[in-house]
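I opened my notebook and went through this one piece by piece. Here is what I looked up, in the order I got to it.

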Amino acid sequence: MHKTTFFLTAGVLALTLNAGAALAQDATAGEAVFKKCHVCHSTEAGKMKVGPSLHGVVGRTPGTLAGYKYSDAMKAFGASGAKWDEATLDAYLENPRGKVPKVKMIFPGLKNEKDRKDVIAFLATKS
Ligand code: HEC
């Protein structure tokens, strides 16, 4: 292998590994991030607070948990075909009102990408 190619390849590999490590999901760290959600959300099935229970939220259709009174905005978001998969949760948690205008969740959002990934990993364990 040509020397330059080798160093380039090694460099790209190191970068890729670093990025992977920085964004690896950590459910334990996510449990700590969840303290910011806990005032309004439980992860126990059927336990509503100001917000709906987040038990089993990953994979759920937005605004559809029986027994919780959602805003029209959240119900419309679910009716539009959205699903709480990782990408949708990530965008919503970064900027709730940016993703779902008029949503009644009064939370400014998690600006740190790792915090969002971690809390989603934590929620994925609650189902
Ligand atoms: C101040 C209270 C409050 C805080 C803090 C809060 N939420 Fe919410 N959340 C709500 C309310 C209220 C709703 C219902 C929104 C609606 O119907 O418009 C909601 C809805 C949601 C939904 C949609 C659930 C569904 O069944 O469709 C998700 C997901 C969610 N919140 C995640 C989080 C996470 C994760 C955090 C912490 C990073 C958080 N929330 C912090 C009040 C809050």
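**Entry 1: the tail helix**

I began with Ala124, which lies in helix H7. Helices here are DSSP runs of H or I with at least four residues, strands are runs of E with at least two, and the numbering starts at the N terminus. Ala124 is partly exposed, at a relative accessible area of 43%. My note on the cut-offs: buried is under 20% relative accessible area, exposed is over 50%, and partly exposed is in between, using a 1.4 Å probe and protein chains only. I then checked Ala124 against Glu86: they sit 38 residues apart in sequence, and their C-alpha atoms are 9.3 Å apart in space.

**Entry 2: ground rules**

I wrote down that residues are numbered from 1 along each chain as its sequence is written. This is a predicted model, so I kept in mind that local features need pLDDT of at least 70, that side-chain atom pairs count only at pLDDT 80 or more, that totals for chains, interfaces and linings use all residues, and that side-chain values use heavy atoms, with hydrogens and water left out.

**Entry 3: the whole chain**

I counted seven helices and zero strands in the chain. Read along the sequence, that gives α-α-α-α-α-α-α. Of the 127 residues, 34% are buried.

**Entry 4: the iron**

Which protein atoms are donors of the ligand's iron atom? I found His41 (NE2) and Met105 (SD), lying 2.0 to 2.1 Å from the iron. A donor is an N, O or S atom within 2.8 Å of the metal (3.2 Å for Na, K and Ca), and water is not among the atoms, so sites may look incomplete.

I looked at the geometry next. The iron site is octahedral, with angles of 86 to 178° among its six donor atoms. The rule I noted: six donors count as octahedral if opposite donors are over 155 degrees apart and all others are between 65 and 115. For six octahedral donors, the ideal angles are 90 or 180 degrees. I also checked His41 for accessibility, and it is buried at 9%.

**Entry 5: around the ligand**

The ligand sits in the largest pocket. A pocket, on a 1 Å grid over the protein atoms alone, is an open set of points where a 1.4 Å probe fits, with protein on both sides within 12 Å along at least five of seven lines; lining residues have an atom within 4 Å of a point. A molecule sits in one if more than half of its atoms lie within 2 Å of its grid points.

How many residues surround the ligand? I got 26, and the closest are Cys37, Cys40, His41, Ser71 and Met105. The cut-off is a heavy atom within 4 Å. H3 and helix H5 (86-94) each supply at least two residues of this shell, and H5 gives the most, with three.

- Trp84 has a polar side-chain atom 2.8 Å from an oxygen atom of the ligand.
- Gly63 has a backbone N or O atom 2.9 Å from an oxygen atom of the ligand.
- His41 has a side-chain N or O atom 2.7 Å from a nitrogen atom of the ligand.

A polar contact is a pair of N or O atoms within 3.5 Å; within protein, one must be able to donate a hydrogen and the other to accept it, and residues adjacent in sequence count only if both atoms are side-chain atoms.

Ser42 is in the loop between H3 and H4. Is Ser42 buried or exposed? I found it buried, at 5%. A polar atom of the Ser42 side chain lies 2.8 Å from the backbone nitrogen of Glu44. Thr43 is in the loop between H3 and H4 as well, and it is buried at 18%. The C-alpha atoms of Thr43 and Ser127 are 8.6 Å apart, although 84 residues separate them along the chain.

Most residues other than glycine have a negative phi. Lys102 is not a glycine, yet its phi is positive, about 70°. I located Lys102 in the loop between H6 and H7, where it counts as exposed at 71%.

Key. Tetrahedral: all angles 85-135°; square planar, octahedral: opposite > 155°, others 65-115°.
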